[in-house]
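Visitor: Please show me the model. I would like to walk through its fold.

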Amino acid sequence: MHCTAMGFNVVRTTSTPLSLSSTKSIFSSLNPTTTSLSAIFPSKPIVFPTISAPKNAFRRGIVAMAAPGSLQKSEEEWRAILSPQQFRILRQKGTEFPGTGEYDKFFGEGVYNCAGCGTPLYRSITKFNSGCGWPAFYEGLPGAINRNPDPDGMRIEITCAACGGHLGHVFKGEGFPTPTNERHCVNSISLKFVPANSS
Ligand SMILES: [Zn+2]
């Protein structure tokens, strides 16, 4: 088994999703008028081509948009409620230094919630010691984690499905003896542990 390096991202600002105005102009310019075509070809059904925007634009849009019942906030609101460290990692996709995180070698029984919005993300029974320097889980709670390829296509980013907060990356096929052969490599700062015996 081996660890794929989690790496250190240069902190970048949020990318701008495809603007609505440019989408509309593309659609309207490609949409022919029905009347003129049916006048020319009255007997043939008119099939308009399916128009699809670049996949990346949609993917980013899904990340940026709120799912029903989710916990979206403006970046200014996040900055007000998160610590500078939490903001850098959760909102700016930073990475904590390996071996320094609060939960790297922590194995208490309970649930790990999103440090941004409090949504439960991982159960402690899915945590394992990867030796990589960051908390490792072999699976998240159902529907709690979103996956998206990094812009460079090298790694799969994982985010909190409710608030979009950056958690870390997920790696497959590293050979760890877990049920999924996956490693969710998560920043401790993105998590808040809740002991099982707390009420
Ligand atoms: Zn969250």
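Predicted model: local features only at pLDDT ≥ 70, side-chain atom pairs only at ≥ 80, totals over all residues.

Guide: Questions and answers on the fold, the sheets and the core follow.

Visitor: Which strands are the edges of the six-stranded open sheet?
Guide: The six strands of this open sheet pair antiparallel, in the order β3-β4-β8-β7-β6-β5. An edge strand here pairs on one side only. That applies to β3 (127–128) and β5 (145–149).

Visitor: What is the average twist from one strand to the next in the three-stranded sheet?
Guide: This open sheet has the order β2-β1-β9, and its pairing is antiparallel. Its edge strands are β2 (120–123) and β9 (191–195). From one strand to the next, the twist averages 30°.

Visitor: Which residue in β9 is the bridge partner of Y112?
Guide: Strand β1 spans residues 110–114. Five bridges join β1 to β9, and the two run antiparallel. In β9, Y112 has as its bridge partner F193.

Visitor: Which element gives the largest share of the largest nonpolar core?
Guide: The largest nonpolar core has 28 residues. Two or more residues come from each of α5 (84–91), β1, β2, β4 (136–137), β6, β7 (166–172), β8 (182–186) and β9. The largest share is three residues, and it comes from β7.

Visitor: Which residues touch the most other members of that core?
Guide: In soluble globular proteins, nonpolar side chains tend to be buried together. Here, the residues of the largest nonpolar core that touch the most other members are C114, L121, C160, A162, C185, V186 and L191.

Visitor: Which residues is V186 in contact with, leaving aside neighbours within four places in sequence?
Guide: V186 is among the core residues that touch the most other members. With neighbours within four places set aside, its contacts are W134, P135, F137, L167, G168 and L191.

Visitor: Among contacts between residues at least 6 apart in sequence, what share joins residues at least 24 apart?
Guide: The protein chain has 199 residues, and buried residues make up 27% of them. Take the contacts in the chain between residues at least 6 apart in sequence. The share joining residues at least 24 apart is 62%.

Methods
Residues numbered from 1 in each chain as written. Pairing = 2+ DSSP bridges. Helix = DSSP H or I, 4+ residues; strand = E, 2+ residues; numbered from the N terminus. Axes fitted to C-alpha atoms, helices over the stretch in contact; angles between N-to-C directions. Core = buried A, V, L, I, M, F, W, Y, C linked by C-beta atoms within 7 Å. Buried ≥ 20, exposed ≤ 12 C-beta atoms within 10 Å, placed from the backbone. Contact = placed C-beta atoms within 7 Å.
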